Amino acid sequence: MPVTAQTLGRYVFARESVPADTLAHECEHIRQWQRFGPFYLALYFASSAVALARRQRPYWDNDFEVAARRRADEERETAALRDARRS
């Protein structure tokens, strides 16, 4: 699975500029870090473990990733509406 960007605390690391939806995804992870503080990583990995125990996919069904993908989807929808208004 290719990694476009990675969040650590309040920082997003990427090798090159990232699309707005990817940035929205990573900003959701920043909000998660802010909410859970030092417990974030433990909770993130626990969510993956729960998904695995339920025979789900540990990354795709991780609650933190689901929320981040939802935020990225919202950004794509907002961008599409902006583009439609400009046309």
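Predicted model: local features only at pLDDT ≥ 70, side-chain atom pairs only at ≥ 80, totals over all residues.
Residues are numbered from 1 along each chain as its sequence is written, and side-chain values use heavy atoms, with hydrogens and water left out.

Let's stay with that first pair. The contact joins Ala20, Asp21, Ala24, His25, Glu28, His29, Arg31, Gln32 and Phe36 of α1 to Phe64, Glu65, Ala67, Ala68, Arg69, Arg71, Ala72, Glu75 and Arg76 of α3, where contact means heavy atoms within 4.5 Å. By class, these residues are 7 nonpolar, 3 polar and 8 charged. Here Ala, Val, Leu, Ile, Met, Phe, Trp, Tyr, Cys and Pro count as nonpolar, Asp, Glu, Lys and Arg as charged, and the others, Gly among them, as polar.

Stepping back, the protein has 3 helices and 2 strands, arranged along the sequence as β-β-α-α-α. Helices (H or I, at least four residues) and strands (E, at least two) are DSSP runs, numbered from the N terminus. The C-alpha atoms fill a box of roughly 50 × 30 × 25 Å along the principal axes.

The table shows how the helices pair up. Axes are lines fitted to C-alpha atoms, for helices over the stretch in contact, and angles run from 0 to 180 degrees between N-to-C directions.

| Pair | Angle | Axis distance |
|---|---|---|
| α1 (residues 20–36) and α2 (residues 40–53) | roughly 115° | within 9 Å |
| α1 and α3 (residues 63–86) | about 140° | 8 Å |
| α2 and α3 | about 95° | 7 Å |

That angle makes α2 roughly perpendicular to α3, whereas α1 and α3 are oblique to each other. Angles under 35 degrees count as roughly parallel, over 145 as roughly antiparallel, 65 to 115 as roughly perpendicular and the rest as oblique.

Where α2 meets α3, Tyr40, Leu43, Tyr44 and Ser47 touch Asp63, Phe64 and Glu65. This contact has 4 nonpolar, 1 polar and 2 charged residues.

Now for the largest pocket, whose volume is about 610 Å³. A pocket is an open set of points on a 1 Å grid over the protein atoms alone, where a 1.4 Å probe fits, with protein on both sides within 12 Å along at least five of seven lines; lining residues have an atom within 4 Å of a point. Grid points are joined across faces, edges and corners, and the volume is the space filled by probe spheres set on them. Of the 24 lining residues, Ala5, His25, Glu26, Tyr59 and Glu65 lie nearest the centre. Helix α1 gives the largest share, 6 residues. The lining has 13 nonpolar, 6 polar and 5 charged residues.
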